Amino acid sequence: MTTPLRIGFIPLVDAAALIVAVDKGYAATEGLDITLVREVSWSNVRDKLNIGLFDAAHLLAPVAIASSLGLGHVKVPITAPFNLGLNGNAITVSPALHAALMEEIDG
């Protein structure tokens with residue numbers, strides 16, 4: 001039996017773990033039937049999460065805190081069980097790997 005989940009997200013690098021988990025079937029292996037819903041703004045994600053259109057969401061940490069405190073809108077408690085990234089996100093490679101990737105692309 002799978003658990004259906006609608007998850008809102010903003011298409012940014014820090015959502016990569018969530019997107020890959022769904023795309024590669026890792027979530028399905030854990031019994032999760034995830035529908036990702038691409039949104040255009042953090043406020044859209046927050047509002048749809050707050051009114052129950054989303055079961056979960058990719059959010060900026062301050063959005064969850066502000067929602068729980070009722071800052072700028074209705075106070076809705078949000079639990080953030082884990083963090084996908086801390087202190088900014090980046091995909092970094094060594095100079096040698098970069099050179100190898102560039103050779104592959106040129107070829």
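Modeller: A word on terms first: helices (H or I, at least four residues) and strands (E, at least two) are DSSP runs, numbered from the N terminus. This is a predicted model, where local features need pLDDT of at least 70, side-chain atom pairs count only at pLDDT 80 or more, and totals for chains, interfaces and linings use all residues. Residues are numbered from 1 along each chain as its sequence is written, and side-chain values use heavy atoms, with hydrogens and water left out.
Biologist: Thanks! Where is S67 found?
Modeller: S67 sits in helix 4.
Biologist: And does S67 count as buried or exposed?
Modeller: S67 counts as buried, because its relative accessibility is 0%. Buried means under 20% relative accessible area, exposed over 50%, and partly exposed in between (1.4 Å probe, protein chains only).
Biologist: What does S67 touch?
Modeller: Setting aside residues up to four places away in sequence, S67 touches R46, N50, H73, V74, K75, V76 and I78. Contact here means heavy atoms within 4.5 Å.
Biologist: Which residues are in the largest nonpolar core?
Modeller: There are nine: I10, V37, V45, L49, F54, L59, V63, A64 and I78. Such a core is a set of buried Ala, Val, Leu, Ile, Met, Phe, Trp, Tyr and Cys residues joined through side-chain atoms within 4.5 Å. Helix 3 and helix 4 are the elements that give two or more residues to this core. Apart from it lies another core of six residues, including A15 and L18.
Biologist: Which residues of helix 3 are buried?
Modeller: In helix 3 (residues 42–50), the buried ones are V45, R46, L49 and N50. They line one face of the helix, because seen down its axis they fall within an arc of 125 degrees; the arc is that of the directions from the helix axis to the C-beta atoms.
Biologist: What covers them?
Modeller: The cover over the buried residues of helix 3 includes strand 1, strand 3 and helix 4 (61–69).
Biologist: Switching to helix 5, how many of its residues are buried?
Modeller: The count is zero among its twelve residues, so helix 5 is hardly covered.
Biologist: Last one: in what order do the strands sit in the sheet?
Modeller: Three strands form an open sheet in the order 2-1-3, with parallel pairing. Strand 2 (32–38) and strand 3 (56–57) are at the edges with a single partner strand each, so one side of each has no neighbour in the sheet. Two strands pair if DSSP finds at least two bridges between them. Strand 1 (residues 3–9) pairs with strand 2 over seven bridges.
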